Amino acid sequence: MSEVELSCLAYVKMFLHASTFPRCSVNGLLLSSSPTEGAVCVTDCVPLLHSHLPLALTTQLALTQVDVWCAQTQQRIVGYYQANACLSDSSPTPCALKIADKIAEQFSNAVLLMMDGRKMSPSYRVPPIVMYEHKDSRWTLKDKHTIMLRQWEETRSIANQLLNSCDHTLLVDFDSHLDDITKDWTNQKLNAKIMELASPANGNM
């Protein structure tokens with residue numbers, strides 16, 4: 001059972017994606033720039049959609065473009081995340097399972113991460129995530145002791161700070177990019193803002 005480490009950058013962007021579109025289901029891809037052996041280190045994420053998640057054509061277009069970008073930036077897709085519109089429902093939907101299956105075909109240690117809307121309040125002390133791993137052709141709940149989010153308090157503070165300062169408006173998902181192709185779905189501006197707030201010396205990134 002491989003360990004999964006979630007970076008500050010990846011978590012904050014997932015949190016802001018779900019918070020920016022609170023009445024919608026949102027999804028995205030989990031990326032890693034670490035070696036393929038050993039623990040899965042999720043170093044970044046690409047927010048994809050906030051409407052019509054099951055649209056196969058849009059999803060395939062996004063996957064293709066992200067694949068190309070990953071090849072250019074020495075990264076790879078290692079998982080999928082989703083937040084459901086219904087806050088009380090953190091179960092993987094058929095859409096989530098289908099996309100996660102596709103990723104698992106290319107990366108055997110792929111993870112499926114669901115955001116738990118009930119635990120996304122600023123005061124909640126536990127990461128609002130539910131993670132699944134691919135075992136025996138099925139997605140099963142991952143042992144929470146194998147999931148690491150270093151410097152959680154600092155990461156939570158950065159996410160809330162960006163939300164309170166309205167910097168979450170910097171976030172661009174693939175949906176928004178399709179509406180206006182001048183918008184950068186790789187989120188370089190937001191990445192820089194998060195890295196500015198995080199302290200590499202403390203291991204946040």
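Is Trp185 buried or exposed? Trp185 is buried, with a relative accessible area of 8%, and it returns in the second of these close-up views of a predicted model.

**View 1. An edge-to-face pair joins Tyr11 and Trp152.** Let's start with the aromatic rings, which make four pairs in this structure. In the pair of Tyr11 and Trp152, the ring centres are 5.2 Å apart and the planes stand at 80°. The two partners come from distant parts of the chain, 141 residues apart: Tyr11 sits in helix H1 (residues 8-20) and Trp152 in helix H4 (residues 152-164). Tyr11 has a relative accessibility of 2% and counts as buried; Trp152, at 12%, counts as buried too.

**View 2. Trp69 meets Trp185 edge-to-face.** Here the ring centres of Trp69 and Trp185 lie 5.5 Å apart, and the pair counts as edge-to-face because its planes are at 75°, where the cut-off is over 60 degrees. Trp69 belongs to helix H2 (residues 56-72), while Trp185 is in the loop between helix H5 (174-179) and helix H6 (188-197), so this pair ties together parts of the chain that are 116 residues apart in sequence. Trp69 counts as buried at 15% relative accessibility, and the 8% of Trp185 makes that residue buried as well.

**View 3. Helices H1 and H4 cross at roughly 40°.** The axes of H1 and H4 come within 10 Å of each other, and their crossing is right-handed. With that angle, H1 and H4 are oblique to each other. On the H1 side, the contact is made by Cys8, Tyr11, Val12, Phe15, Leu16 and Ser19. Their counterparts in H4 are Trp152, Thr155, Ile158, Ala159, Asn160, Leu162 and Leu163.

**View 4. Strand S4 is largely enclosed by the rest of the structure.** Six of the six residues of S4 (residues 44-49) are buried. Strand S2 (residues 26-32) pairs with S4 in the antiparallel sense, over five bridges. For a handy landmark, look for Leu30, whose bridge partner in S4 is Cys45. As background, side chains in a regular strand alternate between the two faces of the sheet.

**View 5. Pro54 is exposed in the loop between S4 and H2.** Pro54 has a relative accessibility of 65%, so it counts as exposed. Its C-alpha atom is separated by 9.6 Å from that of Thr93, a residue 39 positions away along the chain.

**View 6. Asp136 and Gln151 have positive phi values.** Phi is near 55° for Asp136, which is placed in the loop between strand S7 (129-135) and strand S8 (138-141). With a relative accessible area of 73%, Asp136 is exposed. Gln151 has a phi of about 55° and is found in the loop between strand S9 (147-148) and H4. At 30% relative accessibility, Gln151 counts as partly exposed.

Methods:
Residues are numbered from 1 along each chain as its sequence is written. This is a predicted model: local features need pLDDT of at least 70, side-chain atom pairs count only at pLDDT 80 or more; totals for chains, interfaces and linings use all residues. Side-chain values use heavy atoms; hydrogens and water are left out. Rings of Phe, Tyr and Trp (its six-membered ring) pair if their centres lie within 6.5 Å; planes under 30 degrees apart count as stacked, over 60 as edge-to-face and the rest as tilted. Helices (H or I, at least four residues) and strands (E, at least two) are DSSP runs, numbered from the N terminus. Buried means under 20% relative accessible area, exposed over 50%, partly exposed in between (1.4 Å probe, protein chains only). Two strands pair if DSSP finds at least two bridges between them. Axes are lines fitted to C-alpha atoms, for helices over the stretch in contact, and angles run from 0 to 180 degrees between N-to-C directions. Angles under 35 degrees count as roughly parallel, over 145 as roughly antiparallel, 65 to 115 as roughly perpendicular and the rest as oblique. A crossing is left-handed if the near helix is turned anticlockwise from the far one by less than a right angle, and right-handed if clockwise. Contact means heavy atoms within 4.5 Å.
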